[in-house]
Amino acid sequence: MPKDFLKGCQDFYDVVVIGAGLAGLTAANILGRAGHKVLLLEQHYKLGGLATWFRRPKSHIFDISLHGFPYGMIKSCRRYWSEEIANSIVQLEKIRFDNPMFSLTTTFNRDDFTRLLTSQFGVPAESVKSFFETARGMNFFDDQSMTTGELFEKFFPGREDVVRLLMEPITYANGSTLEDPAITYGIVFSNFMAKGVFIYEGGTDDLVGKMGAELKRNGVDCRINCDVEKIEVDRNGVQAVVVNGRRIGCGTVVSNSNLKATIFNLVGEDKFDRGFVDQAREVRLNNSSTQVYMGLKEGCTIEESTGDLLFSSTAPLFRTEALLSRDITSRTFSFYYPRTRPDGKQQFAVVSSTNANYSDWANLSEQDYNESKQDLIDTTLDALEKYVPGIHDMIDTVDAATPNTFQHYTKHLSGASFGTKFEGLGVSRALPEQIPGLYHAGSVGIIMSGWLGAINYGVIVANDVDQQLMKKGRSGAAGSATPATSN
Ligand SMILES: Cc1cc2nc3c(=O)[nH]c(=O)nc-3n(C[C@H](O)[C@H](O)[C@H](O)COP(=O)(O)OP(=O)(O)OC[C@H]3O[C@@H](n4cnc5c(N)ncnc54)[C@H](O)[C@@H]3O)c2cc1C
């Protein structure tokens, strides 16, 4: 008989959270901590969503999305997770760029970028200062008509090299383009520039393990291998979810599943106003990614001077289309030294990431798909040879992920790596006005994606849900979920 992953589940919860990505995990933790009865349902066999890892023989562990996030993660993790998690966040000190326009190493913060822009790029100090101040002053309620491209043109007219330095890492970090609203760039860029780029020491497996333990401590009922098929709603709002063939009643759902999948697959468009459905249909998905994971043989090492994160490109100019092209010219290499997992085996690994179009991978025959994957691996190793000479002979494990892989493991439509484009945020926020008790927390709108964006969006939505539950007096919770949501 197949295992019953819902064994022991109750028939009713105050809140059901669908999906254990960082936003879903965080919302569940805050609501559980506040005393609400919370059920967290994840379709995959482990928690974390895109913040995940996998193992390969010879003790190799590869992280999928542990490449870098802003300093703000420390504060968010301390407040909404634990001191222990916050204390494991460390800075990456060597961020490198190598492309036909420039090669440099930076700590990727405002002071160092000011130094580079004024000395190496020859930009007047006054322009640099006012650019940083403008970017830092941007917020969600600002005018959204100016594009990132226009913002750059205003401060650095005709300077494609400067645009490349400022934009290439952010495009990699959240898939945003020069055509997106400038605020999506300004907010994310300023978050990084505050202090630099950080990662979690111990690896994603350690982080997610600690999050799982914290959820348990806070009374959240966590279930894996539980694929939610339907959110049942009627004119009074959310009533239940259907999962693994069972109906579980609830007054509130927080969906961490892809926004469009939530609306069109889990609820159904007939349950929403016509205008809202039209608006939701217009929401564009963000792009997807490919990755190549390379594990080094025991005893093989990489010099620390190689850097932590390397934005490499052979394209003569910075162009968004080139970053997405199947003919890859830009790769971001993450180098994992033994210090990434200080308690683990002393191993080195490299992960290469590239933004990608789902359409380039989705409809290939099995043979073409496998050949394309092999080509991705071969060309990546060739490109890495420049930075780690002899890499072909140093690795004993190599594998690759494509947009199909991301779609398969997270159910993100078209394998979207960063949820939806900017317009997704308004649609996500409007869900409870359409259906009482229906919320969405997860990568939307560029700002609310990435590790920090997803966690913070989980906080914001948990706060909304807590207020709604307290107002209804439905749950036996003791108090407010979150003292504050701003970060
Ligand atoms: C290759 C790559 C590299 C990245 N690198 C970085 C980086 O360096 N720094 C950074 O900050 N961000 C990075 N990101 C982005 C970051 O990982 C994501 O933005 C973030 O983890 C998304 O969190 P989320 O809460 O939106 O949920 P997701 O991680 O998207 O998780 C959603 C969860 O919902 C589950 N689910 C979906 N449907 C159902 C259902 N019907 N029933 C049950 N469960 C369901 C899925 O299985 C999944 O676990 C990267 C992303 C990719 C793809």
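How many helices and strands does the secondary structure of the protein chain come to? The chain has 18 helices and 18 strands, taken as DSSP runs (helices H or I, at least four residues; strands E, at least two) numbered from the N terminus. The model is predicted: local features need pLDDT of at least 70 and side-chain atom pairs pLDDT 80 or more, while totals for chains, interfaces and linings use all residues. Residues are numbered from 1 along each chain as its sequence is written.

The C-alpha trace spans about 60 × 50 × 45 Å along its principal axes. Of the 487 residues, 50% are buried, that is, with 20 or more other C-beta atoms (placed from the backbone) within 10 Å of their own.

An automatic or database assignment gives domain 1 (12-45 + 224-284 + 418-472), domain 2 (54-91 + 287-410) and domain 3 (109-195). Seven residues of domain 1 contact eleven of domain 3, a contact being two C-beta atoms, placed from the backbone, within 7 Å.

Helix α1 covers residues 22-33. Twelve of its twelve residues are buried, among them L22, I30 and R33. Elements covering these buried residues include β1 (12-18), α9 (203-217) and α18 (450-472). After α1 comes G35, with a positive phi near 100 degrees.

Notes
The expected span of a helix is 1.5 Å times one less than its number of residues.
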